[in-house]
Amino acid sequence: MQEGDIINLKEFLSESGTDPRLSELILSLSDQGKKIKSGFLKSQCKAGTRNIYGEEQMALDKWADEILINELKISRLARYIATEEQPDIIEIQNPRNEFGIVIDPLDGSSLIDVNLAVGTIIGIYPGNVLSPGNTMIAAMYILYGPLTTMTLTTGNGVHDFVMDEIGVFTLTAKDIKIPDGKIYAPGALRKDYLPKHAQFIETLEKEGYKLRFSGSFVADMHQILHKGGVFTYPGFKGKEKGKLRLLFEANPLGKIITDAGGKVSNGTTDILSIKPHAIDDITPIYAGGKKEISMIEKLMAD
Ligand code: AFP
């Protein structure tokens, strides 16, 4: 691979020595991103109509879930699938590999109506998905914004790809490291903040951090990955365990930010070290630069 070469995802995976079975799975999942993206156009509603094709409208997150699961059932590239839309872990019959996959088919789906960026989040385990996040062998997300991009780690750095006009993902940034930055993306209502969290947010504000929160975790994290700072959806009054899902949201993005030189925490512990009890576990989350995560962990410890 020469500096300045245009390199697509398939070539990148092969040249970076990725296990061919894992490469095949990543390529297959990235292909589903193409289909999901095309679904946004097909499902456009016009006032007074069902959709432009006159078909029964299906919630896009459910539809994306079906696309991903069906493809995995046909390809048999993994043994276990857990998705945010399914109550139980699906076990594939006669799988070709032992991989376990966790999927949030469309994170931020409530923003589709207003044309903001949403994404598909995926984590890949060697087997059982009810394992700590630090046993993941790959994590990725496909972000559907003005461009469709894919961010990937297989444990050898974090890389960005952009989908071109024929649907091929091309490498745009290699070995991304989270920079120092002054952005904060704070979930939950200020009136419900717990005292230590309130102190954390006040400190960030005093230090001049700019607020950037879209309501799409994957899009907000993409911004933090590239511009630095911290995303948080804390535990708050009435929901002390937070809102975001450990398996489908916190762990895959946590691995990506960690592999990019940042950190992820529930305020006291590295989220990636937590053994899940159930697929619908939730967690408070702080994800971003090492400086910001150390700051909240220190506040929580005092
Ligand atoms: P949806 O996928 O149901 O839209 O949920 C998105 C999400 O889990 C996460 O992406 C956001 O950070 C968070 O919810 C926003 O939640 P609030 O709108 O309740 O703050």
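Trainee: Which of the 14 residues around the ligand come nearest?
Mentor: This is a predicted model, in which local features need pLDDT of at least 70 and side-chain atom pairs count only at pLDDT 80 or more, while totals for chains, interfaces and linings use all residues. Residues are numbered from 1 along each chain as its sequence is written, and side-chain values use heavy atoms, with hydrogens and water left out. A residue is taken as near a molecule if one of its heavy atoms lies within 4 Å of it. Of the 14 residues around the ligand, those that come nearest are Asp-107, Gly-108, Phe-217, Lys-243 and Glu-249.

Trainee: How much of the area that the ligand exposes when taken alone does the protein bury?
Mentor: Oxygen atoms of the ligand lie 2.9 Å from a side-chain N or O atom of Asp-107, 2.8 Å from a backbone N or O atom of Phe-217 and 2.8 Å from a polar side-chain atom of Lys-243. Accessible areas come from the Shrake-Rupley method with a 1.4 Å probe. Of the 490 Å² that the ligand exposes when taken alone, the protein buries 74%.

Trainee: Which elements give two or more residues to the shell around the ligand?
Mentor: Elements are DSSP runs numbered from the N terminus, with at least four residues for helices (H or I) and at least two for strands (E). Those giving two or more residues to the shell are strand S3 (100-107), strand S11 (230-233) and strand S12 (244-245).

Trainee: How many of the 14 residues of helix H6 are buried?
Mentor: Buried means under 20% relative accessible area, exposed over 50% and partly exposed in between (1.4 Å probe, protein chains only). Among the buried residues of H6 are Leu-246, Glu-249 and Ile-257. H6, which spans residues 246-259, is largely enclosed by the rest of the structure, because the buried residues number 12 of the 14.

Trainee: Which residues does Met-221 touch, not counting those up to four places away in sequence?
Mentor: Met-221 is found in helix H5 (residues 217-227) and has 1% relative accessibility, so Met-221 counts as buried. With contact taken as heavy atoms within 4.5 Å, Met-221 touches Phe-231, Leu-253, Ile-257 and Ala-287.

Trainee: Which side chain of opposite charge is nearest to buried Asp-160?
Mentor: Asp-160 is placed in strand S7 (residues 158-163), and its contacts include Met-150, His-222 and His-226. For charge, Lys and Arg count as positive and Asp and Glu as negative; His and the chain ends are not counted. A salt bridge is a side-chain nitrogen of Lys or Arg within 4 Å of a carboxyl oxygen of Asp or Glu. Asp-160 has no salt bridge, and at 12 Å the nearest side chain of opposite charge is that of Lys-227.

Trainee: How many residues apart in sequence are the parts that Arg-96 and Glu-24 tie together?
Mentor: The closest N and O atoms of this salt bridge are 3.1 Å apart. Arg-96 lies in the loop between strand S2 (90-91) and S3, whereas Glu-24 lies in helix H2 (residues 20-42), so the separation in sequence of the parts tied together is 72 residues.

Trainee: In the salt bridge that Arg-245 forms with Glu-84, how far apart are the closest N and O atoms?
Mentor: Arg-245 is partly exposed, with a relative accessible area of 25%, and Glu-84 is partly exposed at 23%. The closest N and O atoms of their salt bridge are separated by 3.2 Å.

Trainee: Which residues are linked with Arg-79 in a network of salt bridges?
Mentor: Arg-79 is found in the loop between helix H3 (60-75) and strand S1 (80-83). The network links Arg-79 with Glu-91 and Glu-98.

Key:
Polar contact = N/O pair within 3.5 Å; in protein donor to acceptor, adjacent residues only side chain to side chain.
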